[in-house]
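Thanks for coming. I have one structure to go through today, so let me put it on the screen.

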Amino acid sequence: MRSINQHSSPFSVNAEEIFTALQSDSAVGLCQPEVENRLKEFGANKIEEKARKSLFLIFLSQFRSPIVWLLVFAAGLSFYVSEWLDSVAILTIILINALIGFYMEYQAEHSMNELKKLATVPAKVLRDKNLQEIDAAYIVPGDIVYIEAGDMIPADGRIFTATQLQLDESALTGESLPVEKQTEKLAVTTPLAERNNMLYKGTYSTKGNGYMIVTDTGMNTELGTIARMVQSADQVATPLEKKLEDFSKKLIWITVGLVAVIFTSGILNGQYFPEMLETAIALAVAAIPEGLPIVATLALARGMLKMAKHQVIVKKLSAVETLGGTNIICTDKTGTLTQNKIEVTTVVTAADNAAGREISNQIAVLCNTAELHESAAGFSEIGDPLETGLLKFVVKNQLNIQSFRNRFPKIKEEPFSSETKIMATLHQTEEGFTIYAKGASEEILKRCTGIFEAQGIVELNAEKKHYWTQKAEELANTGLKVIAGAYKPHAAETAVLHTDLVFVGLFGLIDPPREDVFAAIEECKTAGIRVIMITGDHPATAKNIAVKLGIAADANVTIMTGQEMNAYENLTEKEKSVWLNTTVFARVSPKQKLDLIAVLQEHKNIVGMTGDGVNDAPALKKADIGIAMGVRGTQVSQEVADMVLKDDSFNSIVIAIRQGRIIFDNIRKFVIYLLSCNLSELIVIAFASVMNMHFQLFPLQILFINLITDMLPALALGVTAGSPDIMRRPPVTVNEPIVDRKRWITIFFYASVIGATSIGAVFLSHFTVHKTELWNPELCNNILFFTLIFSQLLHVLNMGSNSAVFFKSEVFRNTHVWGAIALSVILLMVMYVIEPVRKVLSIYEMSASDWLIILSASIVSLLIIQLGKKLKIAVQ
């Protein structure tokens, strides 16, 4: 069997012919053995991505940096002046740095690939007579796929059943307006944009529902054809990466200036030209932490994987840094603040008799697209939680769902939409046709002209309408989600489904708040994050939940409804001010959500917005952080969002924000650590050159110091758990630099202390232990070399936050930091005992007294910096 497109154009033949060609059945679907055979034949339903960079190319890319070429030049210079050991040593250090860079880049890419695996797209497929939800990657030609509003189309297929089905095909055809779909065959010459009996992979449903038979998958789809012609562009750098690049460029110019001073001073003081040139190059390399972008990317990717363990899938690196600056969360109520375990607790019918309850059950089962399968393990649910809650209520009443549906087959459907707030279906009954409807109580009451009471159907007058409006308000005030049910017996087959209905009664459903939400909202308050609740629910229900959760201060809070919200373009400044100060919005449309975000952003807020419906997509795109629901969210909302909550929990949003802050804080930590260490070397060498001291660090020693003290501690800082007060600080502003003025002062303070104590150790050794001896340049050099290394290794412990006690800080408790220090010391000791390495680095044996001075000076450096932090000289 081959793809249908290889036989003919599926849009130009009857659906029956396609079923025959693909050996499929519209009522049964494919069986599992046949699916497995077709998977082998056609492969997974995936679009091929741009080829991944090979391990060899990743390794080769480590040598593209201009700084590496500077080192190669230095090695060549050493070779030219017959300094063979220096030349080999420099080339060895280049290789070691390349291997470290290769490992980090590989880890970052591996982490990103792991994240991609988590972002699967589900599809509802009919197989062996059962509608089941599967990973869209396992769809094959001949599969029967059910599509409803909000679904991404998982493959190309021919529609054979459609109910008001509309598609947004702008991603494929450029057509911005939704396309109405139908089932009839078209002319063979019909262009792609006009094939309204086809569904194409990558587009999405905006309204209605329907079934299609899959004709093509993977690279055989129209989307696959385009993917073959145009491979994905390179990933755009995130704002943080751009900040780091700009920061590095500025640092280069600062470094060039300092190195020029040191080089000139050395030449004027009679230093050997090639040696000073090597020193200048080594300093330039040491001062510029070119590995920063890789370390930052690795920290971001690792942080994203950590979030994934907390049920948060972050789809873009840039979203992680924006999370740290979020100061407003606009959240839905149902399923996010509540448990999304909706149960019917109350049914109030106007008839208050068996007949009224019978019609209520019919509404619950028939005006419902959900599926509920009962087994020994419990209920297996497919569909909206509210609808599955209605079905469970019917099952508890010992009624059979399938027998209801077989007895009253569905003829037509008006799907629920956020505009109408109702759903209606037309069914064949013994008496002819009957319409069943459910939805927001006020919307159902608007569309009703009659009411089913004990004596039968009577007129729904203004008095009765007011009574039931108040009744819905009473139920909502108790915290129940309230919907109304209606029907219309003896309807015409062509009747409009939502007019002249007969009111039946109210369903009161409970959806308890999530237990972890109370603490999460309190944490938001201490973190300077404002929580705004936006819901389509009844205002009274919204107020009850908002007060209960602490979003609203008390029951006197003003609830703004959609009816009170003017269009954005017509808003006055006074109205905008009211919006800005409102905490709870009820009965709000998707357009009003979009307008609210615009007002909040206009006033420089960083807004996170939750959404689950197809109509939420514009608001999710507009928000600084679009947050889609993984359980009840539509595929469209998940596609456009920046992050997806796999458990739909508000607490997961707070966890993500906390992790976003931690990642930014960790990146700031290792930037400050690297710069202060590198600057301390510049200070030491500048001092020795300008003062024409008899001791100085050699180029190879500078490179070795950075090899030992830079990479491992910086990587360890990147996985620090986070400061205890991270959620007690105000959000980071978008334009806030990684290193602001206060932190530049901190860096210079750190570097000065490390530099001063290292030079001080040299003088202390000479005037105490060796006071009867002449100055020994080799010994002075070694003391300076080792003091710098140990001071810098201990300096990583200074990166803990100012608010934490030193021994309880997040860095001190980070086992990775201690592992990095230990491994660095081991490498240092190995170097010290290997004679050839010692010779290359000009290292000599020292007395126990000299080692005591080195370690003491390093500890003094740590203590002075800690005192500076206590005195607020340094800010961490």
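Strand E4, residues 156-168, pairs with strand E6, residues 198-199, in the antiparallel sense, over 2 bridges. Within that pairing, Arg158 has Met198 of E6 as its bridge partner.

Before I go further: this is a predicted model. Mean pLDDT for the protein is 85, with 89% of the residues at 70 or more. Strand E16, residues 448-453, has the highest confidence, at 97, and helix H5, residues 84-118, has the lowest, at a mean of 68. There is also a stretch, residues 230-236, where the pLDDT is below 50. That stretch makes 6 contacts in the model beyond near neighbours in sequence. Where pLDDT is low, the coordinates should not be read in detail.

Back to E4. Its other partners are as follows. Strand E7, residues 204-216, pairs with E4 over 10 bridges, again antiparallel, and there Ile159 sits opposite Met212. Strand E5, residues 179-180, is joined to E4 by 2 bridges, also antiparallel, with Leu167 opposite Val179. As for burial, 10 of the 13 residues of E4 are buried, so the strand is mostly covered.

Now the cavities. How many of 30 Å³ or more turn up in the whole structure? The search finds 3. Helix H26, residues 741-769, and helix H27, residues 777-795, each give two or more residues to its lining. Among the lining residues are Val762, His766, Trp775 and Ile783. By class, that lining has 6 nonpolar residues, 4 polar and no charged ones.

That is what I have; questions now, please.

Technical notes
Residues are numbered from 1 along each chain as its sequence is written. This is a predicted model: local features need pLDDT of at least 70, side-chain atom pairs count only at pLDDT 80 or more; totals for chains, interfaces and linings use all residues. Side-chain values use heavy atoms; hydrogens and water are left out. On a 1 Å grid over the protein atoms alone, a cavity is a set of points where a 1.4 Å probe fits but cannot get out, and a pocket is an open set with protein on both sides within 12 Å along at least five of seven lines; lining residues have an atom within 4 Å of a point. Grid points are joined across faces, edges and corners, and a volume is the space filled by probe spheres set on the points. Helices (H or I, at least four residues) and strands (E, at least two) are DSSP runs, numbered from the N terminus. Ala, Val, Leu, Ile, Met, Phe, Trp, Tyr, Cys and Pro count as nonpolar, Asp, Glu, Lys and Arg as charged, and the others, Gly among them, as polar. pLDDT is the predictor's confidence in each residue, from 0 to 100. Contact means heavy atoms within 4.5 Å. Buried means under 20% relative accessible area, exposed over 50%, partly exposed in between (1.4 Å probe, protein chains only). Two strands pair if DSSP finds at least two bridges between them.
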